[in-house]
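Take a walk through the side-chain contacts of this fold.

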Amino acid sequence: MNFLRSHPLRLARGAAVAVALTAFLLKLDIAAHTVGSADAQFFHGFSKAIVRVGPYRVYGTRLPHGLPVYNHPPLTGWVLLLLGHLTRHGIAFTTLIRIPPCVGDLCSAVVVFELVRRRQRLLTALGCSVAVSASPVLVTVSAYHGNTDSLCVMFALASVLLLADLGSPVWAGVAAALAVSVKLPPVVALPLLLVGAFRIGPGTARRFLAGLLATLAVLWGPALVLAPRGLLRNVLEYQGGGDRQWGLLQAGHWLGVPKPVLDFLYGSGHLPVVALVMAFGAGLAWKRPGELPAITGLTVSALLFLSTASGVQYLAWAAPAMLVVGLWPGLWYNALGGSLLVLIYTRWSGGFPWYRVHVTRWSDGELFLGLLTWAVLGLGIGYGAWQVWQARSTVLPQPRPDAGAGAPMPEPEHTAQLR
């Protein structure tokens, strides 16, 4: 009992890590005993092409019939190259492709704990971390579906932890570059991270930019030289999945919004939406830089809320992000979104535990549950933005004058009192 009273942080952190590791092992078991969605099969085809032509020339290579456009950033290509070589050792590719996002969820649970415990009660931080580990959204997307959405969000959250709490702006820039090099959605967080770095100090902003630009140059530079047109057309101009069964467009369809308006939103209108989300995050970061983690979670979630394209795997963007915003908004979103995904995957596959996939349209019940999940996400974003706006913290803590480069930031007083 004396240890529990004198070391609550160690106990809570240990519990968060233990739960995250347990969830990771359970997800690996699902990945090993299911074949995954069509995306897992598509990635296998991409991997074969990348092993043949390399992770950069693939953007300018005609892919075999039956594969969709290869629209993933360069770091994903390197991961697929590695996984393609590992299949020579007898490991099924459909299992391998789901290991990186499962690792991402493991790291996200720890990162969320560290972000929240510095700003809220220790038990709240533990609850948020456990909710990430147990999230049915992340279980279905990372352990079954087979895509990289969980991994890119993890890097975005790691970036804000490194910048706001650990005093490592260079590594924060590296993490931010890795996020957008896995998948593009975290690009909406780059402006707010840069604003937050600038509010700490111009030197911090310069170091953040140095890490960001250097990493982008290493990962994206060769693709820009070897296959610039393919990279621009297939990756940078990609509009998202073609389904319109989620969110803004589905609500517009039910409300009778004219089809030309919906077509515009899905087409060229998606760029103004992305710009709006970026402005939302950057504006909040300028006013309340002390709330940078919550603002990052809000911005990533707002992109999902306003997305003009849909894919079931996109729901993973907000799963850990909303738990950085708050425990209850995160729990409601993960519970509803997880229920939606379990219903969809179970019906597509013909029964749990999803041994095969039959792609089909969402049922009326699933559409309604999707709309409810979308509405709850919007309410959570609105509530979180109001909480951030009401917060007293207007500046980020400065590093101690005697601290070396990369030294952790001083923690807020209310966190220190918990220990």
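Helices here are DSSP runs of H or I with at least four residues, numbered from the N terminus. Helix H3 in this predicted model spans residues 38-53 and holds both Phe43 and Phe46. The two are three residues apart, about one turn of the helix. Both Phe43 and Phe46 are buried.

How do such rings meet? A pair of aromatic rings is described by the distance of the centres and the angle of the planes. The model has nine aromatic pairs. In one of them, the ring centres of Phe43 and Phe46 lie 6.0 Å apart. Their planes stand at 85 degrees, so this pair is edge-to-face. An angle over 60 degrees is what that class requires. Phe43 and Phe46 also belong to a cluster, where ring pairs link them with Tyr59 and Tyr70.

Is the pair of Tyr314 and Trp317 stacked or edge-to-face? The planes of Tyr314 and Trp317 are at 20 degrees, so the pair is stacked. The cut-off for stacking is under 30 degrees. The centres of these two rings are 4.8 Å apart. Tyr314 is buried, at a relative accessible area of 6%. Trp317 is buried too, at 6% relative accessibility.

The charged end of Arg199 sits over the ring of Trp286, 4.9 Å from the ring centre. In another case, the charged end of Arg288 sits over the ring of Trp389. Here the distance to the ring centre is 5.4 Å.

Now to the charged pairs. Side chains of opposite charge can pair when their charged atoms come close. With a limit of 4 Å between nitrogen and carboxyl oxygen, the count comes to seven salt bridges. One of them joins the side chains of Arg13 and Glu114, at 2.7 Å from N to O. Arg13 lies in helix H2 (residues 8-33) and Glu114 in helix H6 (residues 99-117), so the bridge ties together parts that are 101 residues apart in sequence. Are the two partners buried or exposed? Arg13 is partly exposed, at 28% relative accessibility. Glu114 is buried, with a relative accessible area of 10%.

The side chains of Lys27 and Asp105 meet at 2.8 Å, N to O. Lys27 counts as buried, at 3% relative accessibility. Asp105 counts as buried as well, at 4%. The cut-off for that label is under 20%.

A further salt bridge joins Arg119 and Asp165, at 2.5 Å from N to O. Where do its partners sit? Arg119 is in the loop between H6 and helix H7 (122-134). Asp165 is in the loop between helix H9 (149-164) and helix H10 (169-182). The two are 46 residues apart, and the pair links distant parts of the chain. Asp165 is buried, at 5% relative accessibility. Some salt bridges share partners: Arg13, Glu114, Arg117 and Arg118 are joined in this way into one network.

Last comes the surface. Which residues make a nonpolar patch there? Leu194, Leu209 and Leu213 do, over about 230 Å². Of these, Leu213 lies in helix H12, residues 202-226.

Technical notes. Residues are numbered from 1 along each chain as its sequence is written. This is a predicted model: local features need pLDDT of at least 70, side-chain atom pairs count only at pLDDT 80 or more; totals for chains, interfaces and linings use all residues. Side-chain values use heavy atoms; hydrogens and water are left out. Buried means under 20% relative accessible area, exposed over 50%, partly exposed in between (1.4 Å probe, protein chains only). Patches are made of residues with over 30% relative accessible area and no salt bridge: like charges are joined within 9 Å, nonpolar side chains (Val, Leu, Ile, Met, Phe, Trp, Tyr) within 5 Å. Accessible areas come from the Shrake-Rupley method with a 1.4 Å probe; for residues, only the protein chains shown count as cover. Rings of Phe, Tyr and Trp (its six-membered ring) pair if their centres lie within 6.5 Å; planes under 30 degrees apart count as stacked, over 60 as edge-to-face and the rest as tilted. A charge sits over a ring if NZ of Lys or CZ of Arg is within 6 Å of the ring centre and within 35 degrees of the ring normal.
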